[in-house]
Amino acid sequence: KEKVEITKAQRALMKVIVDAYNRHKIPQDVAKKLLQDQYSAEENFLLLTEMATSQVQVLVEFTKNIPGFLSLNHEDQIALLKGSAVEAMFLRSAQVFSQKMPNGHTEVLEERIRKSGISEEFMTPMFNFYKSIGELHMIEEEQALLTAITILTPDRPFVKDQQAVERLQEPMLEVLRKLCVLQHPQEPQYFARLLGRLTELRTLNHYHAEMLTSWRMNDHKFTPLLCEIWDVQ
Ligand SMILES: CCOC(=O)c1ccc(NC(=O)c2c3c(nn2-c2ccccc2)CCN(S(=O)(=O)c2cccs2)C3)cc1
């Protein structure tokens, strides 16, 4: 039986990542607005645009706190942010969606999102993903590390120095692996299940790109930041 122990250095790394992750939550007023009274599809869409935009700002701040990220080649930093923005948002959305909300709020939130003009064929994979993340009951350390691991994916388009990204991602994967063994001793496959979610997350990229195209048909407007990070308009 492997004696798993998280070293002092690994604990320090985890603390940096979790602190950065916790420093940004959905602004309460925005989340509350999502749960408030009846909205039209247009207003729901506008609200999601506003939330997604604030999530990108949060993503950039979080990423800057990942040890070693700012020492990467600058073009690679941009390539990693653009390559992971949609996945990071849906990972964070899933965590928001499955967090302890006052009962009934999750259904209302689901209702608002469903009534925001997003095409039906995207809803199903998105909510399936939210539920599959919810079933994992991740602790915040696992959520924060999984987000950092997603951002530090070496094989994103246009990344030049993939080895440099691997050198940052590997220590995160090792800490997460140990954490999973310690947190879920009765479930040796838990770490593999977490990484399996990242594969499911990649499929949402594809759906999201389709969605953007359909939105642009019905001339839905996005903020400059979303256009920049999603390469639209
Ligand atoms: C300040 C920190 O901010 C956060 O932590 C944060 C977390 C999650 C989100 N999530 C969302 O904005 C969001 C979106 C969707 N759902 N959803 C969601 C929100 C709450 C719970 C669960 C899911 C579907 C469509 N997209 S979209 O980007 O394709 C889009 C469609 C139309 C215009 S923008 C956005 C935002 C901020």
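By class, which residues make up the lining of the second largest pocket? The lining has ten nonpolar, four polar and three charged residues, where Ala, Val, Leu, Ile, Met, Phe, Trp, Tyr, Cys and Pro count as nonpolar, Asp, Glu, Lys and Arg as charged, and the others, Gly among them, as polar. The structure is a predicted model, in which local features need pLDDT of at least 70 and side-chain atom pairs count only at pLDDT 80 or more, while totals for chains, interfaces and linings use all residues. Residues are numbered from 1 along each chain as its sequence is written, and side-chain values use heavy atoms, with hydrogens and water left out.

The second largest pocket holds about 360 Å³ of space. A pocket is an open set of points on a 1 Å grid over the protein atoms alone, with protein on both sides within 12 Å along at least five of seven lines; a cavity is a set of points where a 1.4 Å probe fits but cannot get out, and lining residues have an atom within 4 Å of a point. Grid points are joined across faces, edges and corners, and a volume is the space filled by probe spheres set on the points. Of the 17 residues lining this pocket, Lys82, Gly83, Ile229, Trp230 and Asp231 lie nearest its centre. Two or more lining residues come from each of α4, α9 (190-217) and α10 (224-230), and α9 gives the most, with six. Helices here are DSSP runs (H or I, at least four residues), numbered from the N terminus.

One cavity of 30 Å³ or more is found, and the largest cavity has a volume of about 50 Å³. Its lining consists of Tyr21, Gln55, Val58, Leu59, Phe62, Ala88, Arg92 and Thr147. Helix α3 (41-64) gives the most to this lining, with four residues.

Turning to helix packing, α7 (residues 140-151) and α8 (residues 162-183) pack at an angle of about 155 degrees, with their axes 10 Å apart; axes are lines fitted to C-alpha atoms over the stretch in contact, and angles run from 0 to 180 degrees between N-to-C directions. That makes α7 roughly antiparallel to α8, a term for angles over 145 degrees. The residues of this contact (heavy atoms within 4.5 Å) divide into ten nonpolar, two polar and two charged. Among those meeting are Leu145 and Leu146 in α7 and Met172 and Leu179 in α8.

Helix α8 also packs with α1 (residues 8-22): their axes come within 10 Å and cross at roughly 100 degrees. That makes α1 roughly perpendicular to α8, the word used for 65 to 115 degrees. Here Gln10, Leu13, Met14 and Ile17 in α1 meet residues of α8 including Met172, Val175 and Leu179.

Key. Angles under 35 degrees count as roughly parallel, over 145 as roughly antiparallel, 65 to 115 as roughly perpendicular and the rest as oblique.
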